[in-house]
Amino acid sequence: QVQLVESGGGLVQAGGSLRLSCAASGRTFSNYAMGWFRQAPGKERAFVATSNWSGTATDYADSVKGRFTISRDNAKNTVYLQMNSLKPEDTAVYYCAADERGRFSVGLPTTVPEYNYWGQGTQVTVSS
């Protein structure tokens with residue numbers, strides 16, 4: 001079992017920045033691909049960013065490319081999401097997720113069903 005705990009959410013003005021963290025415990029973090037998703041009120045959970053097990057390959061939703069950066073520190077069992085140039089439409093609950101296939105999967109996981117473990121979420125609110 002893997003436990004994921006997000007932190008770093010909050011209220012920020014448009015154009016500002018936030019850095020989300022997700023601390024993992026329970027198993028070998030470095031084996032997992034890690035992702036960030038978000039869910040706005042009344043909408044489905046949507047892909048934001050993903051990193052392979054080593055951090056050498058990443059992918060992003062078109063809506064955040066050039067503004068968000070996913071990174072990971074396997075020594076600290078932590079994955080990060082640096083969010084710059086935030087917009088009101090980025091307002092959502094942000095979730096981190098782990099794909100235990102990790103090293104054995106082909107390609108980067110970008111859909112909800114590909115992830116096995118989820119955190120509880122952290123609220124990000126961007127005011128205009």
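Five salt bridges are found in this structure, a salt bridge being a side-chain nitrogen of Lys or Arg within 4 Å of a carboxyl oxygen of Asp or Glu. The model is a predicted one, in which local features need pLDDT of at least 70 and side-chain atom pairs count only at pLDDT 80 or more, while totals for chains, interfaces and linings use all residues. Residues are numbered from 1 along each chain as its sequence is written, and side-chain values use heavy atoms, with hydrogens and water left out.

Side chains of opposite charge can pair when their charged atoms come close. Arg38 and Asp90 do this through their side chains, with 2.9 Å from N to O. This pair links distant parts of the chain, as Arg38 belongs to strand 4 and Asp90 to the loop between strand 8 (78–83) and strand 9, 52 residues apart; strands here are DSSP runs (E, at least two residues), numbered from the N terminus, as are helices (H or I, at least four residues). Both Arg38 and Asp90 are buried, where buried means under 20% relative accessible area, exposed over 50% and partly exposed in between (1.4 Å probe, protein chains only).

A second salt bridge joins Asp99 to Arg101, with the closest N and O atoms 3.0 Å apart. Asp99 is buried, at a relative accessible area of 0%, whereas Arg101 is partly exposed at 38%. Shared partners also bring Arg38, Arg67 and Asp90 together in one salt-bridge network. A further bridge connects the side chains of Lys65 and Asp62, at 3.3 Å from N to O. Here Lys65 is partly exposed, with a relative accessible area of 47%, and Asp62 is exposed at 66%.

The aromatic residues come next. A pair of aromatic rings is described by the distance of the centres and the angle of the planes. The whole structure holds four aromatic pairs, counted where rings of Phe, Tyr and Trp (its six-membered ring) have centres within 6.5 Å; planes under 30 degrees apart are stacked, those over 60 are edge-to-face and the rest are tilted. Phe37 and Tyr115 make an edge-to-face pair, 5.2 Å from centre to centre and with 80° between the planes. Because Phe37 lies in strand 4 (residues 33–39) and Tyr115 in the loop between strand 9 (92–99) and strand 10 (117–118), this pair ties together parts that are 78 residues apart in sequence. Phe37 is buried at 1% relative accessible area, and Tyr115 is also buried, at 5%.

Ring pairs gather Phe37, Phe47, Tyr115 and Trp118 into a cluster. Over the face of Trp118 lies Arg45, 4.9 Å from the ring centre; a charge sits over a ring if NZ of Lys or CZ of Arg is within 6 Å of the ring centre and within 35 degrees of the ring normal. Arg72 likewise lies over the face of Phe29, at 4.5 Å from the ring centre.

Strand 7 (residues 68–73) has a covered face made of Phe68, Ile70 and Arg72, and an uncovered face made of Thr69, Ser71 and Asp73. Strand 7 and strand 8 run antiparallel and are joined by six bridges, two strands being paired if DSSP finds at least two bridges between them. Within this pairing, Ile70 has Leu81 of strand 8 as its bridge partner. Their hairpin has four residues between the strands, and Asn77 takes a positive phi near 55° there.

These strands belong to an open sheet of four strands in the order 1-3-8-7, with antiparallel pairing. Strand 1 (3–7) and strand 7 stand at the edges with a single partner strand each, so one side of each has no neighbour in the sheet. From one strand to the next, the twist averages 15°, with axes taken as lines fitted to C-alpha atoms, for helices over the stretch in contact, and angles running from 0 to 180 degrees between N-to-C directions. Strand 1 and strand 3 run antiparallel and share five bridges, and Ser7 has Ser21 of strand 3 as its bridge partner.

One disulfide is counted, defined as a pair of cysteine sulfur atoms within 2.5 Å. Cys22 and Cys96 form this disulfide, with their sulfur atoms 1.9 Å apart. Since Cys22 lies in strand 3 (residues 18–25) and Cys96 in strand 9, the pair ties together parts that are 74 residues apart in sequence. The torsion about the S-S bond is about 40°, so the disulfide is right-handed. Both Cys22 and Cys96 are buried.
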